[in-house]
Amino acid sequence: LNGMRFASDIVISNNYYYVAADTKIFKFDLNTHQEIASVNCDGVRNLAIYNDKLIATRGEYLTIYGSYLHVYNSLDLQLQVAIDTNNGPKYASQNIVIDGSNAYIAVNNAYEWMNEKGIVGILDLNTLSYGNEIDLGLNGKNPDNMIISNGFIYTVNNKDWTGSSVSKINISNNTLS
C-alpha cells in the first residue's frame, strides 16, 4: 500500500478484500491480490460490508470532518452517501458491527484529547439513515473496538487513557450494562 502511513482494517466479502489505509480504501481480488479499485477517503478507520454497501468510519488527529460516516458501493467503490454531522455522528468514529440491517458505529472522538465521547450510533442500512445513539456513560468513553455475540454488543472503551472498561449493549432493547 504505497504512500499509506498505516492500514487500520480489512474485511473480506465474496472474492474480494477491502483495506482501510490512512487516506484510501482499496479493493483487492482475494485470490490474485490484484487491486480492483481504490477511492480516496481521508481518515478512514474501519470498514464493514452489508450486501452491496461498504460502510466506512473516519477520524484523524487535529482534523474536523463534515462527515465521519461514508457508505460506498462495494462493487465499484463509488460513494453512495456521506452522512454529514447534522444527520450522523458528530465526532470521529471507529469500529462497526452489523446486526440484521443495522450497523452499530463506535463514536469516540478519540483524536481530541480530553474530549473523548462514548456513543454507539445506529445506521439503518436499508434507508441509509442514522438514527438512535446509545450513550455509554462516563465509564464508557472512547469505545475503540466492538464485537457482537448472542444478541449483545460488547465495546472495549479506552476512557480518557487512564483506564479502560467494557460495556454490554442488549441489541433487542438497546439497554446498557
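**Sheets, cores and salt bridges in a predicted model**

Strands here are DSSP runs (E, at least two residues), numbered from the N terminus. Two strands count as paired if DSSP finds at least two bridges between them. The model is predicted: local features need pLDDT of at least 70, side-chain atom pairs count only at pLDDT 80 or more, and totals for chains, interfaces and linings use all residues. Residues are numbered from 1 along each chain as its sequence is written, and side-chain values use heavy atoms, with hydrogens and water left out.

I147 stands opposite Y154 in strand 14. Strand 14 spans residues 152–157. I147 and Y154 also belong to a nonpolar surface patch, together with V156 and V166. The accessible area of this patch is about 350 Å² in total. Areas come from the Shrake-Rupley method with a 1.4 Å probe; for residues, only the protein chains shown count as cover. Patch members have over 30% relative accessible area and no salt bridge; nonpolar side chains (Val, Leu, Ile, Met, Phe, Trp, Tyr) are joined within 5 Å, like charges within 9 Å. Y154 is partly exposed, at a relative accessible area of 30%. Buried means under 20% relative accessible area, exposed over 50%, and partly exposed in between (1.4 Å probe, protein chains only).

Strand 1 and strand 2 pair over five bridges in the antiparallel sense. I12 stands opposite Y17 in strand 2. The two strands form a hairpin with two residues between them. N14, in the turn, has a positive phi of about 55°. Strand 2 then runs antiparallel to strand 3, and six bridges join them. Here Y18 stands opposite K27 in strand 3. This second hairpin also has two residues between its strands, and D22 takes a positive phi near 60°. Five of the six residues of strand 2 are buried, so strand 2 is largely enclosed by the rest of the structure.

The largest nonpolar core holds 14 residues. Such a core is a set of buried Ala, Val, Leu, Ile, Met, Phe, Trp, Tyr and Cys residues joined through side-chain atoms within 4.5 Å. I55, L69, I105 and L123 touch the most other members. Strand 5 (44–50), strand 7 (67–73), strand 10 (102–107) and strand 11 (119–124) each supply at least two residues. Strand 10 gives the most, with three. I55 has contacts (heavy atoms within 4.5 Å) that reach well beyond its sequence neighbours: residues up to four places away are not counted. Among its partners are N46, L47, A48 and Y50, as well as L69, H70 and V71. I96, I98, I105, L123 and L125 are touched by I55 too. A second, separate core has 13 residues, including A37, L54, A56 and L77.

Four salt bridges were counted. The criterion is a side-chain nitrogen of Lys or Arg within 4 Å of a carboxyl oxygen of Asp or Glu. D22 and R5 meet at 2.8 Å, N to O. This pair links distant parts of the chain, 17 residues apart. D22 lies in the loop between strand 2 (16–21) and strand 3 (24–29), and R5 in the segment before strand 1 (9–13). D22 counts as buried, at 4% relative accessibility, whereas R5 is exposed, at 56%.

A further salt bridge joins R45 and E60 at 3.1 Å, N to O. R45 lies in strand 5 and E60 in the loop between strand 6 (53–58) and strand 7, so the pair ties together parts 15 residues apart in sequence. R45 is buried, with a relative accessible area of 5%. E60 is buried as well, at 15%. R5, D22, R45 and E60 are linked in a network of salt bridges. D52 and K53 also meet in a salt bridge, at 3.8 Å, N to O. D52 is partly exposed, at 32% relative accessible area, and K53 counts as buried, at 14% relative accessibility.

Definitions and conventions. Helix = DSSP H or I, 4+ residues; strand = E, 2+ residues; numbered from the N terminus.
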